[in-house]
Amino acid sequence: MMHLKSRILAAGTLALSIGLAVAPAKAAEFINVLTGGTSGVYYPLGVALSEIYGKGIEGARTQVQATKASVENLNLLQQGKGEIGFALADSVKLGWEGNKEAGFPAKLDKLRAIAAIYPNYIQIVASQDSGIKTIADLKGKSLSVGAPASGTELNARTIFAASDMDYKDLGKIEYLPFAESVELIKNRQMDATLQSAGLGVASIRDLATSLPINVVAVPAETVAKIGAPYLPVTIPAGTYEGQKEDVPTAAVGNILVSHDGVSDEIAYQMTKLLFDNVDKLASSHAAAKAIKLENATTGLPIPLHPGAERYYKEKGLIK
């Protein structure tokens, strides 16, 4: 009888241990941060954000994905292939509207905003040897405008339209990432590049230290013709080596975007940790110094994620 009881007890213990072994562990929260090319501003900020989320969100497993930036990021978010991504405000607006010409096959109705962050400056830079000093001087010259249908390329089309020009006026056009554009200019194979990024972007800093450059103005009256979400701004003298004067240009706000498949709690944590760690983001790129809580809900062309909305209500930013 004792042997029977022992066998029953042992069997029960074994069953319990097997049951415990196959009990599902809590799934890790996966956060894929969609950025841009590695020589732009989105990428270093995305790497910093990934580290912040990895440490600050319990059980989170994070990844940084280099992409063609705004348009690709928004399409990936709509498909649920990322949890948070960087994008330009005009691209977000066009994605929400489903503008096919801008690279959106249908209305991106799952997008939800986390925060408006820092402005992107439209930066047109030419080698001094090219003789390009104004937008009109680009006629007959070669220019790189970023990856096809990227946020930068959409900016380029908009600036040209407001300047009564189009790509046909150029001698040659290339659709290349920032770093590759700069290499072509260094090798005298390209005259100029248009880059939409935070001030002090690494690619243009690299170019300015390699050869003399001209930073080409986008006049305030041209920016006024475009209207919102474009704003007239100034690239301060000394932003790049050899740039001795302030240069007027246009800026477009950047937005951190998520989607409605991300839980309210994770979206809340992503928003809170963003503003709790602005200093850490700024140490990865100076553009993040412009991230301000008071501007977080300004000019958003899509609805806030409910998780982000909860954070802003706690902070008294919205009622």
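Residues are numbered from 1 along each chain as its sequence is written. Because the model is predicted, local features need pLDDT of at least 70 and side-chain atom pairs count only at pLDDT 80 or more, while totals for chains, interfaces and linings use all residues, and side-chain values use heavy atoms, leaving out hydrogens and water.

The largest pocket holds about 390 Å³ of space. A pocket here is an open set of points on a 1 Å grid over the protein atoms alone, where a 1.4 Å probe fits, with protein on both sides within 12 Å along at least five of seven lines; lining residues have an atom within 4 Å of a point. Grid points are joined across faces, edges and corners, and the volume is the space filled by probe spheres set on them. Of the 19 lining residues, Ala116, Pro119, Leu231, Gly253 and Thr298 lie nearest the centre of the largest pocket. Strand 10 gives the largest share of this lining, 5 residues (strands are DSSP runs of E, at least two residues, and helices of H or I, at least four, numbered from the N terminus).

The second largest pocket has a volume of about 290 Å³. Its lining has 24 residues, with Gly37, Lys68, Ala69, Thr152 and Phe178 closest to the centre.

Turning to the helices, the axes of helix 9 (residues 264-276) and helix 11 (residues 306-314) come within 6 Å and cross at roughly 50°; axes are lines fitted to C-alpha atoms over the stretch in contact, with angles from 0 to 180 degrees between N-to-C directions. Contact means heavy atoms within 4.5 Å. Among the residues that meet are Tyr268 and Phe275 in helix 9 and Tyr311 and Tyr312 in helix 11.
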